[in-house]
Amino acid sequence: MTDTVADYLTRIRNAIKAGHKIVEIPASNLKKDITKILHEKGYILNYKFMDDGPQGTIKIALKYHPQTKVSAIKSMQRTSRPGLRKYANADQIPRVLNGLGIAILSTSSGVISDKEARTMNVGGEVLCYIY
């Protein structure tokens, strides 16, 4: 597998379209950091890191509206990819839907959201947009 972040986003996207409540994803440190950000921002209900096997898995409980069964995540787009990396300086960090969505960045300070990167005044690789 060459693009593990795209696989991560695709597994979540497919689980939402199928209406699943829980999705299991092979773990890595980058995926764990992205999962923590999604939980902090309220896009997923809960998560659990399982240490089964050599790699481990991440169990993610997806968040839906109670009456309408609409997911909290409307769209997930991979921005930077192995063939074409996208970088942004601290003053060039993109706003997703005028601040309603988030951009996840991989910086020298770790994997953080776009708002945190602006307050810390750091730039980095723009991994994905989520709204």
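Predicted model: local features only at pLDDT ≥ 70, side-chain atom pairs only at ≥ 80, totals over all residues.
**Asn-121 and the rest of the chain**

Biologist: Is Asn-121 buried or exposed?
Modeller: The relative accessibility of Asn-121 is 57%. Exposed means over 50%, so at 57% Asn-121 counts as exposed.

Biologist: What distance separates the C-alpha atoms of Asn-121 and Ala-90?
Modeller: Asn-121 and Ala-90 are 31 residues apart along the chain. Their C-alpha atoms are separated by 5.2 Å.

Biologist: What distance separates the C-alpha atoms of Leu-30 and Pro-66?
Modeller: Leu-30 lies in helix H2, and Pro-66 is one of the residues lining the largest pocket. The two are 36 residues apart along the chain. Their C-alpha atoms are separated by 30 Å.

Biologist: Which residues does Leu-30 touch, not counting residues up to four places away in sequence?
Modeller: Leu-30 is partly exposed, with a relative accessible area of 28%. Contact here means heavy atoms within 4.5 Å. On that basis Leu-30 touches Val-5, Val-111 and Leu-127.

Biologist: Is Thr-35 buried or exposed?
Modeller: Thr-35 is found in helix H2 (residues 29-40). Leaving aside its neighbours within four places in sequence, Thr-35 is in contact with Tyr-8, Ile-44, Tyr-47, Ile-58 and Ile-60. Its relative accessibility is 0%, and Thr-35 therefore counts as buried.

Biologist: What is the phi of Leu-97?
Modeller: Most residues other than glycine have a negative phi. Leu-97, in the loop between strand E5 (87-88) and strand E6 (102-107), is not a glycine, yet its phi is positive. The value is about 50°.

Biologist: What is the relative accessibility of Asn-98?
Modeller: Asn-98 is found in the loop between E5 and E6 and has a positive phi of about 55° although it is not a glycine. Leu-97 is partly exposed, with a relative accessible area of 47%. Asn-98 counts as exposed, at a relative accessibility of 75%.

Biologist: How do the residues lining the largest pocket divide into nonpolar, polar and charged?
Modeller: The lining consists of Gly-19, Lys-21, Ile-22, Leu-45, Ala-61, Leu-62, Tyr-64, His-65, Pro-66 and Lys-69. Lys counts as charged, and Gly as polar. The division is six nonpolar, two polar and two charged.

Biologist: What is the volume of the largest pocket?
Modeller: Rolling a probe the size of a water molecule over the atoms shows where empty space is left. For the largest pocket, the volume is about 160 Å³.

Biologist: In what order do the elements of the chain run?
Modeller: The chain has three helices and eight strands. From the N terminus on, the order is α-β-α-β-β-β-β-β-β-α-β.

Biologist: What is the radius of gyration of the chain?
Modeller: For 131 residues the globule rule gives 14 Å. The chain comes close to this, so it is as compact as a globular protein of that length. Along its principal axes the C-alpha trace spans about 40 × 40 × 25 Å. The radius of gyration is 15 Å.

Biologist: Among contacts between residues at least 6 apart in sequence, what percentage join residues at least 24 apart?
Modeller: Of the 131 residues, 39% count as buried. The accessible surface comes to about 7,400 Å², of which 49% belongs to carbon and sulfur atoms. Among the contacts in question, the percentage joining residues at least 24 apart is 61%.

How values were computed
Residues numbered from 1 in each chain as written. Heavy atoms only, no water. 1 Å grid on protein atoms, 1.4 Å probe; cavity = no way out; pocket = protein on both sides within 12 Å on 5 of 7 lines; lining within 4 Å. Points joined across faces, edges and corners; volume = space filled by probe spheres on them. Helix = DSSP H or I, 4+ residues; strand = E, 2+ residues; numbered from the N terminus. Rg over C-alpha atoms; globule rule 2.2 N^0.38 Å. Buried < 20%, exposed > 50% of the residue type's maximum accessible area, 1.4 Å probe, protein only. Areas by Shrake-Rupley, 256 points an atom, 1.4 Å probe, with all protein chains shown as cover.
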